[in-house]
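Subject: A structure for you to look at

Hello! Here is the structure I promised to pass on. Please open it beside this email and follow along as you read.

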Amino acid sequence: MGESKVPAAENTLRILGHLAAQRGPVPAAGIASALGLPRSTVYHLLAVLAEHGFVLHFPEARRYGLGVAAYELSSAFSRQQPLSRLGRPIVAALVDALGESGHVAVLHGRDVVYIVEERAPRRPRLVTDVGVRLPAHLTASGRALLASLPAEQLRALYPDRDAFEERTGAGPHSYAELRRLVAAVRERGYATEDGDVTPGFASVAVSVRDHAGWPAAGIAVTFPRENVPPERWEALAARVRDAAAELSRRIRGV
């Protein structure tokens, strides 16, 4: 990357991006070290960001975190529905190429919420319509997203057996089973479900990463199991992976 023509703006955005990737407030010295910036520069930019509400200073802890203004930007991002706007043409192209239905889902607690649904011609309507919520551990999209989470966050979502809602009786029923399932997803590079949501239907899915490497959404293709035998799922997943990579690229604006 060449030298920025507006270094103050670039460094401000780098600081905000760094804070957004942290689990909690961090010291200014840590920000300076992580970004390779002079401490004086970091303190000056943090002061400006705090003045405008984008950063909060915790004086007793001598740490900085994101402020309300940053949250408002996030809320505006959600209101404008960029994921569905960016994802819909990508999924539509995937459906046209494969002849099977596709969708985009986002993680919301232990559920996934479907924000894009593209039904292939002559395929039955699925339960994964826009706005529908389903247990994440039962769906391919949800499993792809859960496999992208840190272990401690996954454990927090599923503290006991009561967290494992059932639909057809299939799927993981304990944290140990879920941990083995997501480990297989990470190794394979894509998630599957086979009759866990609707008997006779299967899905493959891949997670979409944002600019910080966090799972922003899952893209999946769902099909009658008799149409696509398991030996063809990996080839199908490769096409879904390409679509996920394209959505990730568009989210990051590159």
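The largest nonpolar core in this predicted model has 28 residues, and those with the most contacts inside it are Val104, Val204, Ile219, Phe223 and Val240. A nonpolar core here is a set of buried Ala, Val, Leu, Ile, Met, Phe, Trp, Tyr and Cys residues joined through side-chain atoms within 4.5 Å. Buried means under 20% relative accessible area, exposed means over 50%, and partly exposed is in between (1.4 Å probe, protein chains only). At least two residues of this core come from each of α5, β3 (101–108), β4 (111–118), β7 (201–209), β8 (215–224) and α9 (233–252). The most comes from α9, which gives seven residues. Apart from this core lies another one, of 24 residues, including Ala140, Leu157, Leu178 and Val197.

A word on how to read all this. The model is predicted, so local features need pLDDT of at least 70 and side-chain atom pairs count only at pLDDT 80 or more, while totals for chains, interfaces and linings use all residues. Residues are numbered from 1 along each chain as its sequence is written, and side-chain values use heavy atoms, with hydrogens and water left out.

Now the whole chain. It holds nine helices and eight strands; helices (H or I, at least four residues) and strands (E, at least two) are DSSP runs, numbered from the N terminus. The C-alpha trace spans about 65 × 40 × 30 Å along its principal axes, and buried residues make up 43% of the 254 residues. Of the contacts (heavy atoms within 4.5 Å) between residues at least 6 apart in sequence, 56% join residues at least 24 apart.

His103 counts as buried because its relative accessibility is 3%.

Have a look at α5 next. This helix covers residues 82–98, and its 17 residues reach 24 Å from the first C-alpha to the last, close to the 24 Å expected. That expected span is 1.5 Å times one less than the number of residues. There is a kink of about 30° at Arg88, shortly before Pro89; the bend is the angle between axes fitted to the seven residues ending there and the seven starting there. Among the buried residues of α5 are Leu83, Gly87, Ile90, Val91, Leu94 and Val95. An α-helix has 3.6 residues a turn, so residues three or four places apart point the same way. Just after α5, Gly99 takes a positive phi of about 75°.

Over residues 6–68 the chain is 57% helix and 13% strand. Leu49 sits in helix α3 (residues 39–51) and is buried, with a relative accessible area of 6%. Leaving out residues up to four places away in sequence, Leu49 touches Thr12, Ile15, Leu16, Phe54 and Val55.

Strands β1 (residues 55–58) and β2 (residues 63–66) run antiparallel and are joined by four bridges; strands pair if DSSP finds at least two bridges between them. Leu56 has Gly65 in β2 as its bridge partner. The two strands form a hairpin with four residues between them, and Arg62 in the turn has a positive phi of about 55°.

Happy exploring!
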